[in-house]
Amino acid sequence: MARKTVSRRCWVSVDATTSLNDIDAGSTPGFSGEEASAREQTEVLRTELVELQARLYAESRQRLLVVLQAMDTGGKDGVIRKVFSGVNPLGVKVARFERPTEGEMARDYLWRVHPHVPANGEITIFNRSHYEDVLVVRVNSLVPRARWKLRYEHIRSFERLLADEGTRIIKIFLHIDRDEQARRLQARLDDPSRQWKFDPHDLEQRKHWSAYMTAFRDAIAETDRKRAPWHVIPANHKWYRDWAVMNILVRTLRDMNPRFPPPAFDPAQFGVIA
Ligand code: ATP
Ligand code: MG
């Protein structure tokens, strides 16, 4: 059963009756001011993110999973590049979920996902995720309806398992609109340094825009939970998108409050090392 989300957890709240098409992808909820000041705030928060991540890694007792979902060109790669820039790569991993291989398809859809969840001290970013199995799979009828319908419950249980066992979870949907996607696809096509990112398959999926919006809305409404909350971020403006993701990350890490572990010895005992 879908249930109402609580607006404090989402930058834009979404429930089973929301149409994502009605959410202004060019809006900037929670921020009023000039782009330059958003960029400045993002930089200030970056210093804090770097410090918090260093503590998380040193402490090695807590773990954070960030699930990133978006339509093609929605900015997943941009968020990873820009928000995490400067963070110690030792403690950050990115897991990317593409079309399943034959071996993956021969098993249940969570089989390939679970090995990538973060370990103690780590932040893992899922660039796409198990949600593809109720998004692209649903829109393209890759499995029968009766099968993907059951997956919301599996996903809720899977994420509850992770949370029960100590993984903090943040789920982010970067929301661009169809016109913005057209601009970004065109930009990829026109710029030789970005043509490698252009995928004709994206044009096929673009035809199913409204089916995707319904699939995203249902996925979000069905799986938004207190310990696995969704954040719907209007993402036409990249500066706002980065500011919003940075805010969510820093707030979450502040709340996790990782600490440098105290030494198991008295540093004074060693005096000055010659
Ligand atoms: P970019 O934005 O750089 O193009 P991307 O995330 O689109 O990155 P691609 O390798 O271009 O990465 O595409 C991955 C493709 O794999 C997407 O079209 C996605 O829908 C598809 N995919 C991911 N998981 C599944 C799945 N479980 N079943 C079917 N298709 C999937
Ligand atoms: Mg792609």
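The residues of the shell around ligand 1 divide into 5 nonpolar, 1 polar and 12 charged; here Ala, Val, Leu, Ile, Met, Phe, Trp, Tyr, Cys and Pro count as nonpolar, Asp, Glu, Lys and Arg as charged, and the others, Gly among them, as polar. The model is predicted, so local features need pLDDT of at least 70 and side-chain atom pairs count only at pLDDT 80 or more, while totals for chains, interfaces and linings use all residues. Residues are numbered from 1 along each chain as its sequence is written, chains are lettered from A and ligands numbered from 1 in the order in which they are written, and side-chain values use heavy atoms, with hydrogens and water left out.

In total, 18 residues surround ligand 1, the closest being Asp77, Arg112, Arg128, Glu132 and Asp133; a residue counts as near if one of its heavy atoms lies within 4 Å. Several contacts with the ligand are polar (pairs of N or O atoms within 3.5 Å; within protein, one must be able to donate a hydrogen and the other to accept it, and residues adjacent in sequence count only if both atoms are side-chain atoms). A backbone N or O atom of Arg99 is 3.1 Å from an oxygen atom of ligand 1, and a polar side-chain atom of Arg112 is 3.1 Å from a nitrogen atom of the ligand. In the side chain of Arg128, an N or O atom lies 2.6 Å from an oxygen atom of ligand 1. On its own, ligand 1 has 630 Å² of accessible area, and the protein covers 90% of this; such areas come from the Shrake-Rupley method with a 1.4 Å probe, and for residues only the protein chains shown count as cover. Helix H2 (76-83) and helix H4 (136-139) are the elements that give two or more residues to the shell; helices (H or I, at least four residues) and strands (E, at least two) are DSSP runs, numbered from the N terminus.

Most residues other than glycine have a negative phi. Ser60, also not a glycine, has a positive phi of about 55° and lies in the loop between H1 and strand E1 (63-70).

Now to the charged pairs. Side chains of opposite charge can pair when their charged atoms come close. The whole structure holds 25 salt bridges, each a side-chain nitrogen of Lys or Arg within 4 Å of a carboxyl oxygen of Asp or Glu. One of them joins Glu104 and Arg112 at 3.3 Å, N to O. Is Arg112 buried or exposed? Arg112 counts as buried because its relative accessibility is 11%, whereas Glu104, at 21%, counts as partly exposed; buried means under 20% relative accessible area, exposed over 50%, and partly exposed in between (1.4 Å probe, protein chains only).

Arg227 forms a salt bridge with Asp164, with the closest N and O atoms 2.8 Å apart. This pair links distant parts of the chain, 63 residues apart: Arg227 is in the loop between helix H8 (209-223) and strand E5 (230-234), and Asp164 is in helix H5 (residues 145-164). Arg217 and Asp218 also form a salt bridge, at 2.7 Å between the closest N and O atoms, and both residues are buried. Salt bridges that share partners join Asp72, Arg128 and Glu132 into one network.
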